[in-house]
Amino acid sequence: CVSYHRPKKIRWMMDDTQLQHADPPSESLGSKQVENNEDVESESERAELHEADRLITFTDAVVAIGMTLLILPLMEAASELGGDEEGSAATTSEYFQKDEKKMAALIFSFFAAALFWTMHDKIFRHVEYFTTTLLFLNFFWMGAIIFFPVATSILTQTPDSDLTSVVVYVGNLMTLAVLNLVMCIIIRRNPIVLKKKDRMPGMLSLAAMCVAILLLICALIFALLAPQVGAYCLFFLVPSHAIIRVVKKCRPDWKF
């Protein structure tokens, strides 16, 4: 009885299904080993990072508190509607006429805080880990958010001719914008913090923050040159969304 050994098929004779199950060439073993080493290195680096889920949730809570605190000056003014034992009670129309500056500041500050939170959300939407630098910058950003109601209250309680209150308010907004920009650059330079490397913040996010910073600088310069304008210099921020839409049309390949 003669044993018969089935000859092995040559690789070029195999079909696609057989090639999928065929042993890979010896050269791929080296590349796999390199990939495994890179995975081990990335895992060891990620072990030193901070998980982003709790930090982002904590940041959202701080933003919610900061936006809620914006209403306190109006709540204090509304508590005086009933009057005291000696004075007469004020009407609702008198309340809105007397505190129209506080009302305007509340509306503007609320939407400004929402705008900067939206930028922050686009930056950290696909972030899975925080580096130590990113962690401290995010805490500074939260500190600027908490101080924002104070800057708004200073702006409403001081006369329109007080330039310092405008500088404090615009400086607070500029701090938020600059920190957003710096954190976005750090994330783009450290793809290890992302859930997927192809989901890093896009060029349009960088452009949006640069536009906000430039408009705030223009508002501050205008306020310094024309102090009588006061808080009305903040209207420089109004065309920011339109500018971003123009940039998006000019560069359709840019993404957020």
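Visitor: Is Asp121 buried, exposed or partly exposed?
Guide: Asp121 is partly exposed, at 27% relative accessible area. Buried means under 20%, exposed over 50%, and partly exposed in between, using a 1.4 Å probe and protein chains only.

Visitor: Which residue forms a salt bridge with Asp121?
Guide: Arg125, with the closest N and O atoms 2.9 Å apart. Arg125 is partly exposed too, at 46%. A salt bridge here needs a side-chain nitrogen of Lys or Arg within 4 Å of a carboxyl oxygen of Asp or Glu.

Visitor: How many salt bridges does the whole structure have?
Guide: The search finds two. Asp253 and Arg251 form one of them, at 3.3 Å from N to O. Arg251 is partly exposed, at 37%.

Visitor: What kind of model is this?
Guide: A predicted model: local features need pLDDT of at least 70 and side-chain atom pairs 80 or more, while totals for chains, interfaces and linings use all residues. Numbering runs from 1 along each chain as its sequence is written, and side-chain values use heavy atoms, without hydrogens or water.

Visitor: Now the core. How many residues are in the largest nonpolar one?
Guide: It has 63 residues, and those with the most contacts inside it include Phe116, Trp141 and Ile187. Such a core is a set of buried Ala, Val, Leu, Ile, Met, Phe, Trp, Tyr and Cys residues joined through side-chain atoms within 4.5 Å.

Visitor: Which helix gives the most to this core?
Guide: α8, with 13 residues. Helices are DSSP runs of H or I with at least four residues, numbered from the N terminus.

Visitor: What does Ile187 contact, leaving aside neighbours within four places in sequence?
Guide: Its contacts are Ile123, Phe124, Val127, Leu134, Val193, Leu194 and Pro201. Contact means heavy atoms within 4.5 Å.

Conventions: Helix = DSSP H or I, 4+ residues; strand = E, 2+ residues; numbered from the N terminus.
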